[in-house]
Amino acid sequence: MNPQIPALHELQQRDRQLTILERRLEQIPARMTELDEDLAKLEAMLAAERRKSEETRSFQQGQEHQLAEEEEMLRASRAKLSQVKNPRELNATQREIEATRRMATTRQDEIAKLKQGVAETEQRIAAMTDSLASLRGQAQAEKERLEASKAKFEKKIERLQRGRGDLTEKLPVDVLRTYDRIRKRVGGIAFVPAVKGRCSACKMVIPHQIYVHLRKGEDIPACESCGRLVYWAGHFPEEAEKKKKEAEPKASPAQRRPSSSE
């Protein structure tokens, strides 16, 4: 077998791991930002509820002040009853008392509703405060986990990159350039197995003569359809067996159960 084939195969395995790790590493800052945004949203909602509670309390205080004035007016009007001199003044004073009493009653009802609203808002604030504290704890734990994962990924990437350097030295410059160019173009996988006469990446048929050379392990041709470098899967039987098992459909419990005729 051409020694470049196992070297490229091992390089591709390392690059596959590198691609996975690099993508996971790229996702960490986005996840960090998402956690901060979730906290910021809940903090904004909590701040809005607190402003609403303060505004309602302020309005309630104003209503209570007006109620106190109306009650004072009501006491003054009742005191005037003993000083009326004729029926006309009596009727006017009684109308004044009734109007003031209605205003005071209406305002008392309004104040009761405001108090209920404040109580409900305070309940929401308490629940949101607890939720925010819980979310902060969860976010901090998640950030610590992400930081640990980041450090672990970076170490693995560094180790894989060192090993990659050892492998690239085994390959001719032109082969390595071709491999890297294809890998960049297709997004990671540049050296793929040919299985049953087809490219495993694009599933297109490989011409018979090229497939014969693949089986001999002499050349490293490119797939005429997708442009990836290809090798015969049979050169790495353990990998071929693994892919075969992964492709096999798993039997359901009913299918695994012995029939009565067995």
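Tutor: Helices (H or I, at least four residues) and strands (E, at least two) are DSSP runs, numbered from the N terminus. The model is a predicted one, in which local features need pLDDT of at least 70 and side-chain atom pairs count only at pLDDT 80 or more, while totals for chains, interfaces and linings use all residues. Residues are numbered from 1 along each chain as its sequence is written, and side-chain values use heavy atoms, with hydrogens and water left out.

Student: In which helix is arginine 107 found?
Tutor: Arginine 107 belongs to a helix that covers residues 87-168. In the numbering from the N terminus, that element is helix H2.

Student: Is arginine 107 buried or exposed?
Tutor: The classes are buried for under 20% relative accessible area, exposed for over 50% and partly exposed in between, using a 1.4 Å probe and protein chains only. Because its relative accessibility is 17%, arginine 107 counts as buried.

Student: With the side chain of which residue does the side chain of arginine 107 make a polar contact?
Tutor: Contact means heavy atoms within 4.5 Å, and, leaving aside neighbours within four places in sequence, arginine 107 is in contact with residues including Gln63, Gln66 and Leu67. At 2.7 Å, the side-chain partner of arginine 107 is glutamate 70.

Student: What is the relative accessibility of arginine 164?
Tutor: Arginine 164 also has its place in helix H2. Leaving aside neighbours within four places in sequence, arginine 164 is in contact with Leu11, Arg14, Asp15, Leu18, Tyr179, Asp180 and Arg183. Arginine 164 counts as buried because its relative accessibility is 16%.

Student: How far are the C-alpha atoms of arginine 50 and glutamate 122 separated?
Tutor: Arginine 50 has its place in helix H1, residues 4-80, and is partly exposed at 39% relative accessibility. Not counting residues up to four places away in sequence, arginine 50 touches Ile125 and Thr129. Glutamate 122 is 72 residues from arginine 50 along the chain, yet their C-alpha atoms are separated by 8.1 Å.

Student: What is the phi of lysine 196?
Tutor: Most residues other than glycine have a negative phi. Lysine 196, exposed with a relative accessible area of 79%, lies in the loop between strand S1 (191-195) and strand S2 (198-199). Its phi has a positive value, near 55°.

Student: Where is the place of lysine 203?
Tutor: Lysine 203 is exposed, with a relative accessible area of 52%, and has a positive phi of about 70° although it is not a glycine. Its place is in the loop between S2 and helix H4 (208-216).

Key. Polar contact = N/O pair within 3.5 Å; in protein donor to acceptor, adjacent residues only side chain to side chain.
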